[in-house]
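Reader: I am new to this structure and would like to understand the words used to describe it. Could you take me through them with care?

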Amino acid sequence: MNRRTARWARTLPLGLLALGGQAVAEPVATVDRNGSLVAVEPYAPNIVRVTIATERDQADGKPGYGISAAADAAGWSHSTTQAGDVFASGALTVTVKAQPWPGAPSQMQRYFAPSLPPVSVAITTADGRTITMGGWSMAPHTVSGEKTFLAGANFEADPNEHFYGLGQNQEGILDLRGRTIDCRHWYDAPAGEQVCVPVLVSSRNYAIVWDNPSATRVSPGIHGQTRFESEVGDRVSFFVITGKSSDELYAGYAKLTGKTPLPPKAAFGLIQSKARYESQQELMAVADGYRSRGYPLDMMVLDWFHWTRMGQLDIDRNFFPDPAGMNRELHQRGLHSIISVWPRFEKESRYFNELDAKGWFLKDADGKTVDGLPVRSDRAGALIDSTNPAARGWFWGKVRDNILSQGFDYLWLDETEPDLVPDGYFYSIGSGDRYHNVFPLLHTDGAAEGSRRDRPDFRNMILCRAAYLGTQANGCLFWSSDIQSTWESLRRQVPTGLNMTASGIALWSSDTGGWQYPGSSKPARAPLLSPAGATAMGANYPDYPELFVRWFQYNSFTPTLRIHGQRPATAIWDYGAAAEPILASWSKLRYSLLPYIYPLARTTYETGAPFMRALWMDFASDPQVATVGDEYMFGPAFLVAPVTEQGATSRRVYLPAGSDWYDWWTNQKHAGGQWIDAAAPIERMPLFVRAGSIVPIGAPVANTSEKQALAEIRVFPGRDATARLYDDDGTTEAYRKNGGRSATLRWDEAAGRLTAAGALPTGQSAAGLVKVVGR
């Protein structure tokens, strides 16, 4: 066989080798291109991994962190043609193109000497779309004393192609085309924290999952190419997922990296937090304030510095004398609790010496524990090395015994970037440069695994500040970190969240009102709300109640709704007498839509598809939506248009083509495919519902611990429609086994009739609940 031949007999199906008269599994097929080794590894008919290296062990090596699926070559075949080696399934054809034996170099080639034998890979879908990788590179350099390579690959980009994803980048633009994204975790990014999830999604319905955890630059669609380049690598490794729709891409991503678990139902109610409640008395007073005012609430959060020292993993009994009693009281009221736990340990904390002796901290090149940061005057604390399984197991055990034993329900694992930047330092698995982006995956995995083992029937949830491939499978709710409390920051949140959900991270939101203290503002227009009575900020930020209301409206239509911030007071009555009734009405609207929202989360668990969706996901045939980043779909029914300009009482809204749209507030119907000026007085955010939608409306409840009946089933006519009702106990893992209680609602447009397949989860009859808009 020549150098371009696969390493098994060509006449066998891919994945089978004749060995001793028997066929055995062989999921990786590697071909040689004049010294460049190309491994083709199928994971499904529409998912394939390509690995390129010059060393056999690198080419045939397993994928990196975050990939939990096993290779699966069922249905694939391999043949060798004049064009090259061809691997085919019913959905994809992968051609590793033939490369002629190199001749003598030209004069120009002698000067610009190529260091690697060229490789070209074409991946073609059943409907004729082609994704072509036309070049790869491994340039030797030294990083933190390690001799390694700058590893990259180029993909052809169509002139009309648009790109999304790559995690959380807060520069405020949805379409990534023509930009260079620094895909690395970076708390101090000027626009707001960056989080790298190396999934690039194309408007042509394919996704590239880049299999390298080091800092990576991605330049989509520049000069006809998309370029990936990672700081540290010994190979080029990537997955391509294809599909006929964006939802098929997210099903592929979930197959590769794990399902998004269904969070406890309380996660979709109001989560009340503050940086920080200084005492048990203060926290309980806020919980009592919601109950006495009749405002719904589901979770109270105890943020940082509830401990005596950082790394003590305790609760300061001077200020929280009876945390177990506090949690019993919360539970008796139908509420749940979240507590912040950091991965940092001061030298004076009780566990520092033990962890240091075991070598379970991030180390410098001399093997010494790294203590503190060289920036932000953040000088205290070593980082537990959660890349070490023993260290993260130890961490879970101490958190379980010292903190969760006091009745706290859920963990907030803060600083998961991590905050101690690992570049130039070393984990147990290797250099912090090589593994820059993996910490949030492994750190949260320790808590998720521990909870599965020690609380097997308890539905786990973790509040997480950063992510990587697969982190969604650990039960994380993500938020956009410690952002500014400004109108600019609010504007940036909308496209930021849409790219995060486009990266397969479905459960994302932001701190309502921003995290940083609202210092001062000089509004260009008269504030729409009087600040009279507000205690959340000082007198030099007169438009902050208006900002908070607009932010609360926006977050009421994100996957989770959490109030948080570094303010003297954060509850919804702390923004002034004018703001309070508006906030209360939006909180109640959120709770009324829980019968709509909770089934969306269940569907995400089943399919991987996000339910906070940029418009390109659902209206791919409408070219207008490709770059619209300031509005989005929330499930199949709602189009959400947040108001992010101070003093605005209207805004331009694009209504996608292919459907009529109903104004949620007035029921007025508009044709799709047009821009309109939507009214947005301070008490309203523009909301539209797609014609042919069914929206279940729940009765008022104090929290999700109460059984919520349906108040009505609202039908927005215009075409046949279906909707799912779903419910379960909201707290256990039983949903994984028996699927909870479901019913399918169907609207027959021609007959003007709604029917239900299956008993409604509430036990009600659909008859008498139906309200048809406009009839």
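Reader: Why is Thr54 called partly exposed?

Author: This is a predicted model, in which local features need pLDDT of at least 70 and side-chain atom pairs count only at pLDDT 80 or more, while totals for chains, interfaces and linings use all residues. Residues are numbered from 1 along each chain as its sequence is written, and side-chain values use heavy atoms, with hydrogens and water left out. Buried means under 20% relative accessible area, exposed over 50%, and partly exposed in between, with a 1.4 Å probe and protein chains only. Thr54 has a relative accessible area of 35%, and is therefore partly exposed. Thr54 is found in the loop between strand S5 (47–53) and helix H1 (56–59), where helices (H or I, at least four residues) and strands (E, at least two) are DSSP runs, numbered from the N terminus.

Reader: What makes Phe112 exposed?

Author: The relative accessible area of Phe112 is 55%, so Phe112 is exposed. Phe112 lies in the loop between helix H2 (107–111) and strand S9 (121–125), and together with Met108 and Tyr111 makes a nonpolar surface patch of about 430 Å².

Reader: How do you know that H12 is largely enclosed by the rest of the structure?

Author: Of the 14 residues of H12, 11 are buried, so H12 is largely enclosed by the rest of the structure. Among the buried residues are Leu594, Tyr598 and Arg602.

Reader: How does the reach of helix H12 (residues 594–607) compare with what is expected?

Author: The expected span of a helix is 1.5 Å times one less than its number of residues. Helix H12, with 14 residues, reaches 20 Å from its first C-alpha to its last, which is close to the 20 Å expected. H12 is followed by Gly608, whose phi is positive, near 85°.

Reader: What makes S41 and S43 the edges of their sheet?

Author: Two strands pair if DSSP finds at least two bridges between them. Three strands form an open sheet in the order S41-S42-S43, with antiparallel pairing. Strand S41 (721–727) and strand S43 (753–757) each have a single partner strand, so one side of each is left without a neighbour in the sheet.

Reader: How many bridges join S41 to strand S42?

Author: Seven bridges join S41 to strand S42 (residues 741–748), and the two strands run antiparallel. In S42, Ser742 is the bridge partner of Tyr726.

Conventions: Patch = residues over 30% accessible without salt bridge, like charges linked within 9 Å, V, L, I, M, F, W, Y side chains within 5 Å. Areas by Shrake-Rupley, 256 points an atom, 1.4 Å probe, with all protein chains shown as cover. Salt bridge = Lys/Arg side-chain N within 4 Å of Asp/Glu carboxyl O.
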